[in-house]
Amino acid sequence: MKKTIITLGLMASNFVVALAADSQKGHQALSQVETDIKSYFEIACGIFYAICAIMALVGAFKVYSKWSSGDPDTTKVAVGWFGSLIFVAVVVTLIKSFFI
């Protein structure tokens, strides 16, 4: 009985040591991931701003084509495109301010 208790105690201590070692490796891995994400974050924000610029060009073309054809729906389309561009730009800026 005493031998079983000692064996269980040794197994438990080995388990605790193994968990501590894995915890350190996990912490190092999370630190590396955080560094990688921060390094790519500026590039991603630039890409999102470029997408906003492309959306602005497409929206301007659509509004101009509706306006030149005399469509009475031009104001609604212009407000929709302008609102969506503001929304995307504000969201990217807020995410940037939260995480950097």
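Student: What share of the contacts with a separation of 6 or more comes from residues 24 or more positions apart?
Tutor: Those residues account for 70% of such contacts in the chain. A contact means heavy atoms within 4.5 Å. The model is predicted: local features need pLDDT of at least 70, side-chain atom pairs count only at pLDDT 80 or more, and totals for chains, interfaces and linings use all residues. Residues are numbered from 1 along each chain as its sequence is written, and side-chain values use heavy atoms, with hydrogens and water left out.

Student: Which residues does Lys96 touch?
Tutor: Lys96 touches Phe41, Glu42, Cys45 and Tyr49, not counting residues up to four places away in sequence. Take Cys45: it sits 51 residues from Lys96 along the chain, yet their C-alpha atoms are separated by 7.5 Å.

Student: How many helices and strands are there in the chain?
Tutor: There are 2 helices and 0 strands. Helix H1 spans residues 2-69. Helix H2 spans residues 74-99 and holds Lys96.

Student: What makes Cys45 count as buried or exposed?
Tutor: Relative accessible area decides: buried is under 20%, exposed is over 50%, partly exposed is in between (1.4 Å probe, protein chains only). Cys45 has 4%, so it is buried. Cys52 has 10%, so it is buried too. Lys96 has 26%, which puts it in the partly exposed class. Buried residues make up 9% of the 100 residues in the chain.

Student: How many disulfides does the rule give?
Tutor: The count is 0. A disulfide would need a pair of cysteine sulfur atoms within 2.5 Å.

Student: Why is the aromatic pair of Tyr64 and Trp67 called tilted?
Tutor: Rings of Phe, Tyr and Trp (its six-membered ring) pair if their centres lie within 6.5 Å; planes under 30 degrees apart are stacked, over 60 edge-to-face, the rest tilted. Here the centres are 6.0 Å apart, so the rings pair. A search of the whole structure finds 1 aromatic pair. Both residues lie in helix H1, 3 residues apart, about one turn of the helix. Tyr64 is exposed at 51%, and Trp67 is exposed at 58%.

Student: How do you know that Asp71 forms a salt bridge with Lys66?
Tutor: The rule asks for a side-chain nitrogen of Lys or Arg within 4 Å of a carboxyl oxygen of Asp or Glu. The closest N and O atoms are 2.9 Å apart, so the pair qualifies. Asp71 is partly exposed at 27%. Lys66 is partly exposed at 24%.

Student: What makes Lys76 and Asp73 a salt bridge?
Tutor: Their N to O distance is 3.7 Å, so this pair also passes. Lys76 is exposed at 60%, while Asp73 is partly exposed at 30%. The whole structure has 2 salt bridges.

Student: What makes Tyr40, Ile43, Ile47, Phe48 and Ile51 a patch?
Tutor: Patch residues have over 30% relative accessible area and no salt bridge; like charges are joined within 9 Å, nonpolar side chains (Val, Leu, Ile, Met, Phe, Trp, Tyr) within 5 Å. Tyr40, in helix H1, has 57%, so it passes the area test. The five form a nonpolar patch on the surface, with about 520 Å² of accessible area together. Areas come from the Shrake-Rupley method with a 1.4 Å probe; for residues, only the protein chains shown count as cover. The chain exposes about 8,100 Å², and carbon and sulfur atoms supply 75% of it.

Terms used. Helix = DSSP H or I, 4+ residues; strand = E, 2+ residues; numbered from the N terminus.
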